[in-house]
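Explain this structure to me, going from a strand and its partners to the contact between the chains and then to a helix.

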Amino acid sequence: MNRKVKGAAIFKDNLQNFFFVVPALAIFCIFYIYPFYKMINLSFYDWRGIGPMYFIGLQNYKELASDHLWWDSMWHAGYITLIALTFQNALAFALALACDREIRLKRFYRMVFFIPPVLSEIVVGFIWNWILNPQMQNGQYIGLLNHLLYSSGFPQLVHNWLGDPHTALTTIAIVHSWKGFGWGFIMLLAGLQTIDRQFYEAAKVDGASAWKTFTNVTIPMMLPVILVVMILTILGSMQVFVLIIAMVNEGLVNHTDVPVTRIFSAMQNTNRFGYACAEVVIFGMILVCVSFIMKKLSDKAKQA
Amino acid sequence: MRKLIMLCSCFMLIVLAGCSQPPKPSNKIILWHWMTDRNDTFQKLAQQYKQETGIEVTIQLFAPSDSYSQKVIAAAQANVLPDIYGVLDKKSIVADFIKAGLVADLTDAMQADGASWESSLFDKALADKRFDAGNSYGVKPGIYGVPIDVTNEQMVYNKKLLAKAGIATPPRTYEEFIKDAQALKRVGITPFVSGWGELWLLDCFASNYAFNIMGEEKIFATYRGQVKYTDSDWIKVFNVFAELRNKGVLIDGIVTKGNKYAEQDFALERAAFAFNGSWSVNVYHDMNPSLDYGVIPPPPVSTLHPLKIWGSAGSTFVVNAGSPNKDKAIAFLKWLTTKEQQVVLAQETNNLPSNKEALSVISPILEEFAKGMDQSTHPNIWPLNEDPSVSEAFDKGIQDIIIGEKTQEQVAQDVQKVKDFQMAKGNH
């Protein structure tokens, strides 16, 4: 009898606890699990967004496997990510190191470096569109960059940066890095400020040079933060979209296509919702794999 | 515990009751639109309508049009469409909306009282959402939309810049256009701008010349797969763009330029010619009220077939077939397209009215645009359309020609490859 009462109490307690998590669980299921399930389900259909749906099995995936535009777009996103990982993060780290020291106007720099990330991507795209404008009016370049290059004695460097397939993607990647380096800067600066100053003093007493101190103290202590910044950079850069639309509209032929613009195009231009869902599934899987690899690397680095 | 269970149950009941509650008729109509430039006028007219009839029309703006389109599709899937909305998509998608029971058939209302409503509107504007008997979409014949304005895409030219280059009259042939472009270049003026970063505008320009070079029968035969894109006539269409590039007619960066930027370039007199729609009258007026310009159809390259421009309903509203306020929504649209309201819309927003009687009050520049309606056509009134994937390859191919990456023949082969693939899939 006693056991029965105890069992009922435990059940009541569990049920009570369960009811507390029901709202969160319901929201999670409605807004995450169901759309996720629906998207995977739709990827097996030929559907134009409205009207009848035709089950076509793995046809969308088969087509996607041989869609060179899709895989090219993946490479483009990879290229933007590579530039962000190197140029953007190196810049962010260098500036974080500078601001971590006792320099004048430290607070001002911190604020200035954080302006690009808080600007909307559309605004950044428009600003850079004006800076990179290749046109001339009354014998003067309208775009700031070409105007500066021309007036400072480098007319040979004047270029149609977004209209040339050789420079368009790199230009977008640099603008993306300019827009994003502030996040890395803030995170890396926060990381640098958590390093105990005693380590630096000890290194100084031991006669370590600035470089030795950097490689043997700063880098090892910053490794977890650097890895987090790298993971966020990869995920953010692979999904770049608004900036591209703002800078080159529907793209310079297919030279500036990235996976998200291809997904958007499949939905908006060709009304192939099933195909777009298949693209989303594959893209999502790739991002999960990349994150998983980065996590493993991060764990290994921490152990080392 | 009991209280908690009661609370959760109540919450669920409220949610379920909310979900299943059927909409009731009311004196309130909801209209979704995407036209930023016309929002204030719509709001004003809605106020006036409330005063006249007691019916409140809530005007809700969702811009830009791309986002609006997605919102409408999502609302259609969730069955939460408003009483009045627009389907800014291809005719095949409009057909899907109709077949899904989301768009009301307005034929009876249009043809009541001796078809007075139908006859007051431009036929070409009505054709945008009209489905004829035996249409290839399998839609019951009828009129499914109410055009509130008409639009067409032509070339505009800056009179001052042309005069500066010694050009007295605008070009009437493509040859003259190229000659004029050279004259403009000699005095340092960029000849031509357009927002060809937006593929539909590029497609529209190419389509004009395709009609001119090969005629509509051959175009439709290509869509049916009976003529290949490698045909010499299609190569001639591609040649138009190659020549525009080779002769330096196009503004730098045209293939990535959005139409807003192109409009700015023309309004600020950075280019002498632009290819744009009649809505641009309002845009140019806002950007540069003293801009002196005229309108011409794109100069034809051939005399074999007439050059056709795209022209049709500019903005068309449809009525939600499932709306409990369907009749009130139809009555509002009928009121909106009467002469008085069309005059207000035309004067305040500088758009071509859909009501023929309101044409008498439009500005001279809009009148020039209106003249083009006689030679207009539109994909929405064609018996069939090209597969969107093929159109995308076609437009991107033209971009390739403009940036000098591919020859006309290479592009033709690429487009044909996509066409063959789609034909093999049965998408034709």
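Which residue does B:Gln154 stand opposite in S8(B)? B:Gln154 stands opposite B:Asn276. This is a predicted model: local features need pLDDT of at least 70, side-chain atom pairs count only at pLDDT 80 or more, and totals for chains, interfaces and linings use all residues. Residues are numbered from 1 along each chain as its sequence is written, while chains are lettered from A and ligands numbered from 1 in the order in which they are written.

Strand S8 of chain B covers residues 271-277; helices (H or I, at least four residues) and strands (E, at least two) are DSSP runs, numbered from the N terminus. Strand S6 (residues 146-158) of chain B runs antiparallel to S8(B), with five bridges joining the two; strands pair if DSSP finds at least two bridges between them. On S7(B), residues 190-193, the pairing with S8(B) is parallel and has three bridges. There B:Val193 stands opposite B:Ala274. Seven of the seven residues of S8(B) are buried, so the strand is largely enclosed by the rest of the structure. Buried means that 20 or more other C-beta atoms, placed from the backbone, lie within 10 Å of the residue's own.

Between the chains, 32 residues of chain B are in contact with 26 residues of chain A, contact meaning C-beta atoms, placed from the backbone, within 7 Å. The largest share of chain B's side, six residues, comes from H16(B).

In chain A, helix H3 (residues 68-100) has 33 residues and reaches 46 Å from its first C-alpha to its last, close to the expected 48 Å (1.5 Å times one less than its number of residues). A kink of about 30 degrees in H3(A) is centred on A:Ala84, the bend being the angle between axes fitted to the seven residues ending there and the seven starting there.

Key:
Two residues are in contact if their C-beta atoms, placed from the backbone, lie within 7 Å. A residue is buried if 20 or more other C-beta atoms lie within 10 Å of its own, exposed if 12 or fewer, and partly exposed in between; C-beta atoms are placed from the backbone.
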